[in-house]
Amino acid sequence: MSRILLAIETSCDETAVAVLRGHKDVLGHRIATQAEIHAPYGGVVPEVASRNHLAILPRLVRTTLADAGLEIAGIDAFAATTGPGLAAALLVGASAAKGLALGAGKPFLAVNHIEGHMLSPFFGEARIAPHLALVVSGGHTLLFDVREYGDYRLLGRTRDDAAGEAFDKVAKLLGLGYPGGAEVDRLARDGNPDRFDFPRSMLDSKDLDFSFSGLKTSVRYFLEKRPSATVDLPDVCASFQEAVVDVLVGKSLAAARQCGHSLIGISGGVSTNRRLGEKLEQACVKAGRVWRAAPPELRADNALMIAYAASHRVDRASPITSDVRPNFDPAAFIAGSC
Ligand code: KG4
Ligand code: ZN
């Protein structure tokens with residue numbers, strides 16, 4: 001019989017709980033965002049995030065269990081994100097899941113946040129098909145060669161800012177709110193992507209790494225020279241976005257070619273970007289490849305992706321003493337060890 005998992009995600013500013021049966025039966029799925037609390041600071045304040053996780057989580061666990069029509073005793077294993085993310089924020093979710101597991105006498109499963117994002121395009125499926133994975137979020141820009149569940153090889157990563165971070169920093173320069181990626185995407189829909197020429201850093205480099213801090217600086221210099229550019233806001237947004245998207249698409253296709261993958265999976269908050277979807281589709285059609293993203297509600301941080309990642313290894317419990325790992329450690333990035 002399919003096992004029932006309760007998963008908790010608190011790596012950044014989203015407090016999320018999900019209850020999943022097997023790989024696809026969603027029994028409960030709740031996300032409480034703290035975005036408005038952090039917006040006045042122009043970024044996530046770690047201590048504020050962890051205090052709010054602590055305040056929100058007990059109620060969220062109860063409501064999600066009620067949605068599922070279950071009591072704690074009906075859960076077969078408890079999973080939580082244990083890294084990467086903000087240490088104090090991770091500790092809240094991981095400690096809660098461990099406490100629930102200990103109290104109920106059930107296994108605890110530590111899940112890597114990146115693995116959660118990376119597998120999310122396959123949500124509901126029992127098998128992870130071989131593919132090239134692009135994980136693009138506020139904290140990470142990573143390319144992986146995925147052979148099957150648990151067999152991952154890191155191919156490239158950003159050397160400085162993540163793609164989502166570049167969106168957020170440029171949004172800030174343009175006086176848009178935080179996090180501003182979605183707003184840049186929205187404004188860009190009415191803009192001309194060819195109006196301003198921003199750099200496509202490392203697009204032609206031999207490796208599969210990224211760099212986005214030069215692009216952000218170039219937008220800053222551009223705005224300093226042309227204070228009136230804010231009146232061309234849609235064109236600035238569209239031109240900046242085009243530069244990010246060209247690099248993400250170019251590198252993903254190059255990586256897929258190198259590894260011989262016909263399938264590309266994209267995940268993380270930036271995978272919501274409309275232009276990224278359009279240009280990836282065009283490039284895939286041209287190169288005879290296909291791509292897929294997670295269902296829209298699984299693209300930003302959520303606990304369902306954590307439950308889904310854990311659903312592939314319910315029999316392999318993590319030590320209850322396993323610690324949180326705030327930093328992304330490629331060497332330790334294998335299924336079952338964060
Ligand atoms: O995956 P996520 O929710 O959290 C992290 O793990 O970081 O990603 C959040 C990031 C933010 O930088 C946000 O600005 C960006 O995703 N984002 C977008 C869009 N929607 C969210 N960036 C570009 N276009 C969007 N439509
Ligand atoms: Zn994330």
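Trainee: Into which domains is the protein chain divided?

Mentor: Good place to start! In this predicted model, domain 1 covers 4-119 + 298-332 and domain 2 covers 129-293. Their C-alpha centres lie 27 Å apart.

Trainee: How do you know that domain 1 and domain 2 are in contact?

Mentor: Contact asks for heavy atoms within 4.5 Å. Here 18 residues of domain 1 are in contact with 19 residues of domain 2. The area buried between the two domains is about 1600 Å², and carbon and sulfur atoms give 68% of that area.

Trainee: Which three residues supply 39% of the area that domain 1 buries against domain 2?

Mentor: Those are Met 118, Arg 299 and Phe 328, and they supply more than any other three residues.

Trainee: How many salt bridges are counted between domain 1 and domain 2?

Mentor: The count is zero. To score, a side-chain nitrogen of Lys or Arg would have to be within 4 Å of a carboxyl oxygen of Asp or Glu.

Trainee: What makes the contact between them?

Mentor: From α5 come Lys 169, Val 170 and Leu 173, while α7 brings Lys 216, Val 219, Arg 220 and Leu 223. By class, that gives four nonpolar, three charged and no polar residues. Lys and Arg count as charged, Val and Leu as nonpolar.

Key:
Residues are numbered from 1 along each chain as its sequence is written. Chains are lettered from A and ligands numbered from 1 in the order in which they are written. This is a predicted model: local features need pLDDT of at least 70, side-chain atom pairs count only at pLDDT 80 or more; totals for chains, interfaces and linings use all residues. Side-chain values use heavy atoms; hydrogens and water are left out. Helices (H or I, at least four residues) and strands (E, at least two) are DSSP runs, numbered from the N terminus. Domain bounds come from an automatic or database domain assignment. Buried area is the accessible area (1.4 Å probe) that two parts lose on being put together, summed over both.
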